[in-house]
Amino acid sequence: TLLFSTLNNKALIDELGKAWVNAYQESYSSEVPEALVKLQLGQTDHAINLLEQSDWSSVRLGDRGYRFKRQILSNLCRTLYNNKDYHRLLYWATAWQLLDERDVDAIAYNYEALRQTDGRRKEGREGLLDNFKKFPKNEYLQRFYVWALFDAGEVEQATELAEKYLSPDWV
């Protein structure tokens with residue numbers, strides 16, 4: 001009878017559902033701050049270890065925990081880029097892009113990592129150009145494309161785009 005009355009009590013079921021969702025989200029959100037602090041310090045191992053854990057690696061686009069995973073992936077890619085660790089940047093940007101093929105930040109990091117990879121520089125440069133044309137307001141594509149132009153010796157076009165899109169502290 002207790003089970004039957006519990007199943008017929010909509011308010012109780014709603015409360016149990018809310019409690020479960022909150023506990024699920026808390027399990028992910030509680031681990032994010034430490035990872036972000038370490039990433040700000042340039043330390044990537046903690047975030048990578050976290051993402052490689054089975055509960056985190058199983059989070060997919062559409063899951064309630066995805067926004068936390070995306071936050072870590074975004075900051076991890078930024079840190080790997082700043083550390084010039086392009087090999088691991090390519091790995092994690094690709095993993096991020098496989099989770100959400102429409103995430104323009106993931107696309108930008110992926111092509112920038114390719115641009116910095118021997119044997120794949122042309123693919124990276126062309127990918128940045130194609131996606132910059134599609135999404136010219138994306139800050140990562142703006143920055144990476146301008147750098148690609150500078151590196152290719154197209155200083156005039158790079159300077160023009162930098163002045164148009166990037167803030168004075170873009171370097």
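A pocket here is an open set of points on a 1 Å grid over the protein atoms alone, with protein on both sides within 12 Å along at least five of seven lines, and its lining residues have an atom within 4 Å of a point. The structure is a predicted model, so to speak of local features takes a pLDDT of at least 70 and to count side-chain atom pairs takes 80 or more, while totals for chains, interfaces and linings use all residues. Numbering runs from 1 along each chain as its sequence is written, and side-chain values use heavy atoms, with hydrogens and water left out.

As for the fold, the chain has eleven helices and zero strands; helices are DSSP runs of H or I with at least four residues, strands are E runs of at least two, and both are numbered from the N terminus. Of the 171 residues, 39% are buried, that is, under 20% relative accessible area with a 1.4 Å probe and protein chains only; exposed means over 50%, and partly exposed is in between. Among contacts with a separation of 6 or more, 49% link residues 24 or more positions apart, a contact being heavy atoms within 4.5 Å.

Back to the pocket: its lining includes Leu51, Glu52, Arg60, Lys69, Trp92 and Trp96. H4, H6 and H7 each give two or more residues to this lining, and H7 has the largest share with five. Sorted by class, the lining has seven nonpolar, one polar and three charged residues. In that scheme Ala, Val, Leu, Ile, Met, Phe, Trp, Tyr, Cys and Pro are nonpolar, Asp, Glu, Lys and Arg are charged, and the others, Gly among them, are polar.

Next comes the core. The largest nonpolar core has 43 residues, and Ile72, Leu76, Leu89, Trp92 and Tyr109 touch the most other members. Such a core is a set of buried Ala, Val, Leu, Ile, Met, Phe, Trp, Tyr and Cys residues joined through side-chain atoms within 4.5 Å. Elements giving it two or more residues include helix H3 (32-40), helix H6 (66-82) and helix H11 (155-165), and H6 gives the most, with eight. Leaving out residues up to four places away in sequence, Leu76 touches Leu39, Thr44, Ala47, Ile48, Leu51 and Trp92.

Now for the single residues. Glu112 lies in helix H8 and counts as buried, at 0% relative accessibility. Its side chain makes a polar contact of 3.0 Å with that of Gln116; the term covers N or O atoms within 3.5 Å, where within protein one must be able to donate a hydrogen and the other to accept it, and residues adjacent in sequence count only if both atoms are side-chain atoms. Beyond four places in sequence, Glu112 touches Tyr81, Leu128 and Phe144.

Lys38 sits in helix H3 and is partly exposed, at 26% relative accessible area. Leaving aside neighbours within four places in sequence, Lys38 contacts Gln43 and His46. Lys84 is found in the loop between H6 and H7, where it is exposed at 59%. Most residues other than glycine have a negative phi. Lys84, though not a glycine, has a positive phi, near 60 degrees.

Conventions: 1 Å grid on protein atoms, 1.4 Å probe; cavity = no way out; pocket = protein on both sides within 12 Å on 5 of 7 lines; lining within 4 Å.
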